Structure formats: structure tokens, C-alpha cells
Amino acid sequence: MRAPRLGLAARSTLLLGLVVLATAGAAALAARLSSPPAVVLLASAAVGLLLGLWGLDRGLGAVRRSLDALTDGVRSFRDADFSMRLAVTRRDELGDLLRLYNEMGDALRAERHDLFQRELLLDTVLQGAPMALVLEDRRGRVLYANRAARDLLAGGRRLEGRLLEEMLAACGPEVREALEAPADTLFTVGQDGEEETYRAARRSFQLNMQPHVLHLVERLTPELRRQEVEVWKKAIRVMNHEMNNSLAPIRSLVHSARQAVERPEHAHRLEGIFETIEERATHLAAFLEEYARFARLPRPRLEAVRWDEFLAGVRAVCPFRLEGAAPEGAGWFDAAQMQQVLINLLKNAYESGSPPDEVAVTVLATIQGEVAVRVLDRGRGMEPEVMERALLPFYSSKASGTGLGLALCKEIVEAHGGRVRLQNRPGGGLAVTAWLPAAALGSVDRAAVPAYPAAPEPPA
């Protein structure tokens with residue numbers, strides 16, 4: 001049978017009643033012994049005081065022990081230790097508080113266990129993900145990196161606790177420039193004689209009221225190869241469709257021409273028939289030439305080219321605003337091919353909807369000795385799914401595009417030993433950068449060329 005519940009108020013009332021009864025009993029006993037009033041008062045006061053002190057010590061001692069246990073338990077909560085449980089022997093308000101502490105500890109312990117299991121599951125998924133993930137805190141240190149990130153940035157070594165800037169300094173320029181860029185970037189890296197394509201993205205967010213940055217690097221090569229097969233199939237279908245659109249009318253017109261030859265009264269129709277045949281044949285030849293030019297790109301003929309003269313020649317064909325001064329002296333590249341690259345990029349910039357005065361070109365010499373030729377616009381930019389395929393031959397987001405412009409630019413720049421990077425600009429627009437290798441500086445007076453940081457970012 002359980003003991004009856006006595007609250008703290010009832011216990012205090014009971015103790016006070018006992019003190020009063022004891023005091024009255026002591027006074028009555030002293031009065032019966034015919035003691036003087038002063039003795040009666042002192043005797044009753046002494047008995048009441050002693051009994052009160054004894055009761056308070058018993059009651060407050062138990063309360064103090066319970067409060068000390070609660071204090072230790074709350075401290076363990078502060079230290080994230082939820083394993084401590086308190087013995088509950090009281091049936092009052094303080095006992096209810098002890099039971100509530102135990103229930104809260106059980107709930108927090110179970111919640112932490114569930115959270116740990118979820119984190120373990122998430123870590124297992126992220127560690128096996130092919131996408132490289134790096135979480136950077138506000139001081140630039142790596143808080144988390146999965147296996148793909150370790151392989152990409154540190155040869156499989158641990159990254160947590162290290163400065164991301166120091167690790168990037170040991171990486172290739174392509175990876176370093178992409179991860180330092182403030183927007184999504186598409187870049188290529190040569191590995192073991194093969195080319196790998198990646199997409200880098202960064203996202204800023206608050207974690208525990210502190211700013212953090214999440215870097216994501218996705219390897220696109222397998223997907224791009226699959227898409228390339230689909231693009232080639234599409235190109236073949238387009239070519240077949242375009243050829244049939246020209247050959248079918250030509251066959252019909254040839255038949256009509258034969259009938260006109262056999263009937264002299266229809267001879268006046270021959271001129272129109274021949275003009276139509278010539279027009280269709282010319283259109284078909286131009287269409288096929290566009291594809292053939294991509295397939296038979298000649299090796300670049302490197303020669304000394306003055307940058308100011310080269311840029312003036314491009315500007316005469318396609319106007320642009322030159323930001324900064326061009327490097328003095330001469331570069332070392334195929335002027336005709338690089339002119340084609342710039343014209344294609346400028347044409348895309350105008351077609352992106354950019355204001356004409358926002359279409360700009362910069363030519364900078366980097367501290368690695370490379371030359372960075374950059375075309376900037378304030379157009380629509382590129383959605384991630386478009387950027388992933390932008391460099392594929394025959395892929396185009398335009399209704400009437402052939403999909404050869406950017407692919408041809410990439411082929412030409414890589415034939416020079418360089419590389420191409422696409423990057424959305426903060427505030428809108430696109431920046432397309434073509435790096436030419438150190439040899440492209442040619443006879444440039446390096447002392448007269450201002451040194452710029454590697455992979456300078458486009459101005460906002």
C-alpha cells in the first residue's frame with residue numbers, strides 16, 4: 001500500500017502543529033509542577049525551539065539533497081550529458097520535479113540518439129556521393145568534406161580543420177579558380193591525357209547563427225558523354241531533315257525542268273526553276289559547310305600579334321567596350337581563329353539580351369604568365385542545366401541555333417593549349433573566359449604588363 005501524498009505545505013503545517021503541541025505540553029507540565037511563570041515560558045520556548053530545529057533540519061536536509069541532485073542534473077544537461085537519473089523517494093511537489101527531470105532526460109536522450117542515427121545516415125549517403133561537398137565556416141576552415149572532396153582537393157587526405165585557402169593553393173588553377181568564383185562555374189581539367197568536365201557551385205547560409213559556405217563540385221563527364229551521343233543523334237536527324245528539305249524540292253524542280261524542255265511553250269519557266277534550284281543548293285551547301293567547318297578545324301598557326309591591333313580588328317566587325325588597357329606588345333596565337341572565338345562570344349552576348357553598352361572585353365596577364373581574354377555581358381545568364389551542356393557540339397538553347405558556336409570556341413582555345421570557363425555573374429549576365437597558355441604571351445614585355453591575381457573575377 002502506497003504512503004499518502006503530503007505536499008510541502010502540508011508538511012510545514014504538520015511540523016508547525018507539532019511545535020505548537022510540544023510547546024503547550026511543556027508549558028502545561030511546567031505549570032503543573034508549580035513553576036514560576038518565567039520558568040514556564042523558558043521551558044516551553046526551549047522545547048518548541050529544539051523541536052522546531054529538529055524538524056527543520058530533517059525537512060530542509062531532504063529538500064537540500066534533492067535540490068543539489070537537481071543542480072547536478074541541470075549541469076549535466078548543460079554539458080549535453082543526458083544519462084544522469086535521479087532517485088525519487090518523495091511524494092510531494094519536489095518529488096514531481098525530480099520525476100519531471102527524469103522524463104525530460106529520457107526524452108532528450110532519445111532525441112539525441114535519433115539525431116545521431118540521422119546524422120550517421122546522412123554522412124553515409126554524403127560520403128558515397130559522387131559530388132564533392134565542402135562546408136566552410138566564417139573563418140575559412142573546413143568543417144566537413146566527403147570522400148569525393150578529399151580525393152579532388154587533397155589526394156584522399158583529411159580536410160576537416162584545415163584552411164580551404166591553403167588547400168586550394170596546392171590545387172590546379174582550374175579547380176582553384178572555380179571554387180573561388182562567387183557564382184556557378186563550368187570548367188574542364190586535363191587528367192592522364194583525358195579531359196574531365198566539372199560544375200562548381202557555392203551556396204551561403206546561416207548555421208548556428210554563423211555564416212557558412214557550402215561548395216559543391218559535380219563531375220559531369222559521364223553524363224556529358226551520354227548527352228553527347230544524344231546530341232550527335234539529334235545532329236544526324238537535323239542534317240537528314242535539312243537535306244531532305246532541299247533535295248525533295250530540287251528533284252521536283254528537275255522533273256519540271258525536263259517537262260519544260262520537252263514543251264517549248266513552257267521554256268520561259270526554266271529561268272525561275274534554275275534560280276530556285278540554285279538557291280536551294282546554295283542553302284544546303286552553306287548548311288553543310290557550317291558542320292564541316294567544325295570537323296576540319298585546322299591546327300592554329302601561331303604568330304606574333306599585337307593586342308591593340310587584334311582587338312581593333314575584332315571591334316570593326318563586332319563592337320564592344322574594352323575594360324582596362326590591353327597588354328602592350330604582341331601575343332602569340334592564331335589571329336584568325338582567335339578572332340572567330342571573340343566574334344562568336346560577342347554575338348552570344350548581344351543575343352543574350354544584354355544592353356549593348358554592357359558588352360565588354362578584358363585582356364589580362366595573370367601572375368602565372370597566362371593571358372585571360374574575357375567577354376562580359378548583363379544578359380540572361382545561364383541556368384544550371386543549360387550551362388552543363390553549353391560546350392557540347394550541336395547543343396543549343398536557341399530555337400534556330402546550330403549549337404556550334406561555344407563548342408567551336410572551346411576547340412580553338414584548347415588547340416592553343418588553353419581552356420574555357422563559363423560563369424554566371426553576380427547581378428546577372430555571363431562571363432566567358434578563355435585562358436591562353438604562357439607561350440601565348442610571346443614577345444610581350446613582361447615588365448610592362450601589370451600583374452593580376454590568378455583568374456581575376458569579373459567586376460560586379
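What share of the contacts in the protein between residues at least 6 apart in sequence join residues at least 24 apart? The share is 61%. Contact here means heavy atoms within 4.5 Å.

The model is predicted: local features need pLDDT of at least 70, side-chain atom pairs count only at pLDDT 80 or more, and totals for chains, interfaces and linings use all residues. Residues are numbered from 1 along each chain as its sequence is written, and side-chain values use heavy atoms, with hydrogens and water left out.

Start with the overall make-up. The protein has twelve helices and twelve strands. These are DSSP runs, numbered from the N terminus: helices are H or I with at least four residues, strands are E with at least two. Of the 460 residues in the protein, 39% are buried. Buried means under 20% relative accessible area, exposed means over 50%, and partly exposed lies in between, with a 1.4 Å probe and protein chains only.

Helix H9 covers residues 307–317 and helix H10 covers residues 335–351. Their axes lie 10 Å apart, at an angle of about 45°. That makes H9 oblique to H10. Axes are lines fitted to C-alpha atoms, for helices over the stretch in contact, and angles run from 0 to 180 degrees between N-to-C directions. Angles under 35 degrees count as roughly parallel, over 145 as roughly antiparallel, 65 to 115 as roughly perpendicular, and the rest as oblique. H9 and H10 cross in a right-handed sense. A crossing is right-handed if the near helix is turned clockwise from the far one by less than a right angle, and left-handed if anticlockwise.

Which residues meet there, in H9 and in H10? H9 supplies Phe310, Leu311, Gly313, Val314 and Val317. H10 supplies Ala335, Met338, Gln339, Leu342, Ile343 and Leu346. By class, this contact of H9 with H10 has nine nonpolar, two polar and no charged residues. Ala, Val, Leu, Ile, Met, Phe, Trp, Tyr, Cys and Pro count as nonpolar; Asp, Glu, Lys and Arg count as charged; the others, Gly among them, count as polar.

H10 also packs on H12. The axes of H10 and H12 come within 9 Å and cross at roughly 150°. That makes H10 roughly antiparallel to H12. The crossing of H10 and H12 is left-handed. From H10, the contact uses Gln337, Met338, Gln340, Val341, Asn344, Leu345 and Asn348. From H12, it uses Gly405, Leu406, Leu408, Cys409, Ile412 and Val413. In the contact of H10 with H12, eight residues are nonpolar, five are polar and none is charged. Met338 of H10 takes part in the contact with H9 and in the contact with H12.

Stay with H12. Its buried residues include Leu406, Leu408, Cys409, Ile412 and Val413. Ala407 lies in this helix too. Ala407 is buried, at a relative accessible area of 3%. Its C-alpha atom is 9.9 Å from that of Arg389, 18 residues away along the chain. After H12 comes Gly417, whose phi is positive, near 90°.

Side chains of opposite charge can pair when their charged atoms come close. The side chains of Glu414 and Lys410 form a salt bridge at 3.2 Å, N to O. A salt bridge is a side-chain nitrogen of Lys or Arg within 4 Å of a carboxyl oxygen of Asp or Glu. Both residues lie in H12 (residues 405–415), four residues apart, about one turn of the helix. Lys410 is buried, at 11% relative accessible area, whereas Glu414 is partly exposed, at 23%.

How many salt bridges does the structure hold? There are 13. One of them joins the side chains of Arg199 and Glu218 at 3.2 Å, N to O. This pair links distant parts of the chain, 19 residues apart: Arg199 sits in strand S4 (residues 194–207) and Glu218 in strand S5 (residues 210–219). Arg199 is buried, at 14% relative accessible area, and Glu218 is partly exposed, at 24%. Another salt bridge pairs Arg306 with Asp308 at 3.1 Å, N to O. Arg306 is partly exposed, at 39%, and Asp308 is partly exposed, at 41%.

Val254 lies in helix H7 (residues 221–262). Val254 is partly exposed, at 33% relative accessibility. Val254 and Phe274 are 20 residues apart in sequence and 8.7 Å apart in space, C-alpha to C-alpha.
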